[in-house]
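The following note sets out numbered comments on the model shown below. Please read each point alongside the coordinates.

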Amino acid sequence: MRIHRGGPAVAGIALCLGALTACNGSSGTSGGGGGAAAPPTAGASSPGSLEGGQSPASATGKAASLEGKVIVIDPGHNGGNADHPSEINKQVKIGNGSKACDTTGTETKAGYGEHAFTWDVSNRLAKILRSRGAKVALTRKDDKSVGPCVTERAALGNRLKADAALSIHADGASASGHGFHIIEPVSIGPNSGMVSGSAKLGSALRAAYHEGTGIPYSNYLGKNAIDRRDDLGGLNMSTVPKVFIECGNMQNEGDAAKLSSASFRQRIAESLAEGFQTYLG
């Protein structure tokens, strides 16, 4: 989630009316934006549309256990961001200042883009949650458009009165850094009502992700895999419980190998679903 090149187009924003854009502030540093090697992705959903789940029993036996719950998933960045710097660099108000509309994100040394990773994991996660009865909306419609802005991503969760929202990312820190961390909000006033719920959501997702994937807590940022920030529009502008997750460091060889694996991305999605289950069940 570290690269800053450009931001979303208004057209893409209108389509996606979304919630949490990540990486307008993260850790890591890294490179590249638009993408290259993109492993297979899971099926997509319409942006901003609230799609319901099926209630018949799932393979896990947990179908319908999230019946009626509304969850917003925000796949960080977008595949078209790198080619539209003027649009994604446009400044937007984030409650306690201004920030770029969106960023390009990072990528592995082999060229697998963060935007592709977050899109794939988000769709895998949405499929699982819907199978358990949840109504799920994604903040963007594909992985080739621009944006939407961080403020628009936050607005979707607010508009849908989501029970929980998650912005999915991967970091671009120094290659020596490895592991995952959760980013929780700090109260800046307007978001004060969601800070407590966000902390509970963050704890549930941290435990489930750690147990389900085996990825260790970050060794370079946060305390026990929890970082708290007041500079992310996706958290500052949210009125519903919301956190970000940096699923690993794309610049670290070991983390990158896991994040680039389709089977491991399925494992990530299943682990995050368990975190939502704990928080909302």
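1. N224 is placed in the loop between α5 and β7; helices (H or I, at least four residues) and strands (E, at least two) are DSSP runs, numbered from the N terminus. The phi angle of N224 is near 55 degrees, a positive value in a residue other than glycine. With a relative accessible area of 48%, N224 is partly exposed; on this scale buried means under 20% relative accessible area, exposed over 50%, and partly exposed in between (1.4 Å probe, protein chains only).

2. On the basis of the comments: this is a predicted model, in which local features need pLDDT of at least 70 and side-chain atom pairs count only at pLDDT 80 or more, while totals for chains, interfaces and linings use all residues. Residues are numbered from 1 along each chain as its sequence is written, and side-chain values use heavy atoms, with hydrogens and water left out.

3. A positive phi also occurs at H77, about 65 degrees, although H77 is not a glycine. H77 belongs to the loop between β1 and α2 (85-88). H77 counts as buried, at 0% relative accessibility.

4. The secondary structure of the protein chain amounts to eight helices and eight strands. Of the 281 residues in the protein chain, 59% are buried. The chain exposes about 9700 Å², of which carbon and sulfur atoms supply 52%; accessible areas come from the Shrake-Rupley method with a 1.4 Å probe, and for residues only the protein chains shown count as cover. Among contacts (heavy atoms within 4.5 Å) between residues at least 6 apart in sequence, 85% join residues at least 24 apart.

5. Which cysteines form a disulfide? C101 and C149 do, with their sulfur atoms 1.9 Å apart; the criterion is a pair of cysteine sulfur atoms within 2.5 Å, and the count by this rule is one disulfide. The link of C101 and C149 is left-handed, with -100 degrees about the S-S bond. C101 lies in the loop between β3 (98-100) and α3 (114-131), and C149 in the loop between β4 (135-138) and α4 (150-160), so the pair ties together parts that are 48 residues apart in sequence. Both partners count as buried: C101 at 0% relative accessibility and C149 at 3%. C247 is buried as well, with a relative accessible area of 0%.

6. A cis peptide bond joins G147 and P148, with omega about 5 degrees. P148 is located in the loop between β4 and α4.

7. Strand β6 (residues 181-185) pairs with strand β7 (residues 226-229) in the parallel sense over four bridges; pairing requires that DSSP finds at least two bridges between two strands. In β7, R229 is the bridge partner of P185. Together, β6, α5 and β7 make a right-handed β-α-β unit. A crossover is right-handed if, with the strands pointing away from the viewer, the path from the first strand over the helix to the second runs clockwise.

8. V195 is part of helix α5 (residues 195-213). Leaving aside neighbours within four places in sequence, V195 is in contact with P185, V186 and S187.

9. Not counting residues up to four places away in sequence, L272 touches V121, L125, L166, I168, L205, Y209 and I245.

10. E107 is found in the loop between β3 and α3 and counts as buried, at 19% relative accessibility. E107 and G172 are 65 residues apart along the chain, and their C-alpha atoms are separated by 7.2 Å.
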